[in-house]
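This report examines selected features of a predicted protein model.

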Amino acid sequence: MSPIGTMDSVKGEPRMAIEHLNISIYADSADLDDIRESATDPLIAGFTTNPSLMRAAGVGNYRDFARQVLNVTGDRPVSFEVLADDFGEMERQALEIATWGKHVQVKIPITTIGGESALPLVARLASQGVVCNVTAMFTTDQVEQAIAVLPASSKAILSLFAGRIADTGVDPVPIMREAVEIASSHADVAILWASPRETLNIFQADEVGCDIITCTRDLRAKFPIIGTPLETYSRETVQMFFRDAEAANYEV
């Protein structure tokens, strides 16, 4: 792993700065135009979405949306989420979603709304060959419990919402590092750093050994800034303030 901040050899070349990392970047989106554009970018190794993103993007029909996504994402993995809160319906939906394509991963929330663990369901699905992306995880206890129930030969993703952990005032880095260590006992389980807030998180996630990080379009739009000398960025910021004041015709 490359230590955080040691990008001298690729300074000013953001794609190289990211490409030299071991972590895979998944585009997190429900905007079809964004997904189509991301699908042409070799830097994007996979895709995720969720019901909140879909609602914000105005998705009307889930199956139609999934079909359009899979038409452009090729052989890269795509995670689609179940929509139910009871285990019977979650299982039915998961088994159907898994038939949508051979590169489909099924997102299962770690618990129900009432806090009941979904891991027994995950174990059943995994034993049937469904690649589960266990989502909305926040603790290393949840990671330990997931590793304990997953069949040895099953593939799975454990998505820890590092950004939301940070929103509570807790440093997610030690949690993510421990999660990676716990998951190392299962060769086919990937740890995903979810809900990143800044490009620094990509380098943090890589440094602790995460396998995947999801990036929204807003975060991916910041990639060109990576490696910018701080003095240069300082002047650019001053210029932005000056131009905005001029454009607004402000006076003192």
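## Helices α5 and α6

Helix α5, residues 87-97, and helix α6, residues 119-127, have axes that come within 11 Å and cross at roughly 30°. Because an angle under 35 degrees counts as roughly parallel, α5 is described as roughly parallel to α6. The crossing of these two helices, α5 and α6, is right-handed.

On the α5 side, the contact is made by Phe87, Met90, Glu91, Ala94 and Leu95, while α6 contributes Leu121, Arg124 and Leu125. Of the residues in this contact of α5 with α6, six are nonpolar, two are charged and none is polar. As a general point, an α-helix has 3.6 residues a turn, so residues three or four places apart point the same way.

## The surroundings of helix α6

Which residues of α6 are buried? They are Leu119, Leu121, Val122, Ala123, Leu125 and Ala126. These buried residues of α6 pack against α5, β4 (104-109), β5 (132-137) and α7 (140-149). Just after α6, glycine 129 has a positive phi of about 90°.

## Helices α9 and α10

The axes of α9 (residues 172-183) and α10 (residues 200-208) cross at roughly 35° and come within 9 Å. The crossing of α9 and α10 is right-handed.

Val173, Met176, Arg177 and Val180 of α9 make the contact with Gln204, Glu207 and Val208 of α10. The residues of this contact of α9 with α10 comprise four nonpolar, one polar and two charged.

## Cysteines and disulfides

A disulfide is a covalent bond between the sulfur atoms of two cysteines. How many disulfides does a search of the whole structure find? The search finds zero. For cysteine 210, the closest cysteine sulfur belongs to cysteine 215 and is 12 Å away, which is too far for a bond. The reasoning rests on a cut-off, because a disulfide requires a pair of cysteine sulfur atoms within 2.5 Å. Cysteine 215 is likewise in no disulfide, and its nearest cysteine sulfur is that of cysteine 210.

Are these cysteines buried or exposed? Residues under 20% relative accessible area count as buried. Cysteine 210 therefore counts as buried, with 4% relative accessibility. Cysteine 215 also counts as buried, with a relative accessibility of 0%.

Most residues other than glycine have a negative phi. Alanine 136 has a positive phi of about 65° although it is not a glycine. This alanine 136 is placed in strand β5. Its relative accessibility is 30%, so alanine 136 counts as partly exposed. When neighbours within four places in sequence are left aside, alanine 136 is in contact with Ile110, Ser159 and Phe161. Alanine 136 and glycine 46 are 90 residues apart along the chain, and their C-alpha atoms are separated by 18 Å.

Asparagine 249 is a residue other than glycine with a positive phi, near 55°. Where is asparagine 249 found? Asparagine 249 is in the segment after α12 (230-247). With a relative accessible area of 63%, asparagine 249 is exposed, since the cut-off for an exposed residue is over 50%.

Terms used. Residues numbered from 1 in each chain as written. Predicted model: local features only at pLDDT ≥ 70, side-chain atom pairs only at ≥ 80, totals over all residues. Heavy atoms only, no water. Axes fitted to C-alpha atoms, helices over the stretch in contact; angles between N-to-C directions. Helix = DSSP H or I, 4+ residues; strand = E, 2+ residues; numbered from the N terminus. Parallel < 35°, antiparallel > 145°, perpendicular 65-115°, else oblique. Left-handed = near helix turned anticlockwise from the far one by under 90°. Contact = heavy atoms within 4.5 Å. Nonpolar A, V, L, I, M, F, W, Y, C, P; charged D, E, K, R; others polar. Buried < 20%, exposed > 50% of the residue type's maximum accessible area, 1.4 Å probe, protein only.
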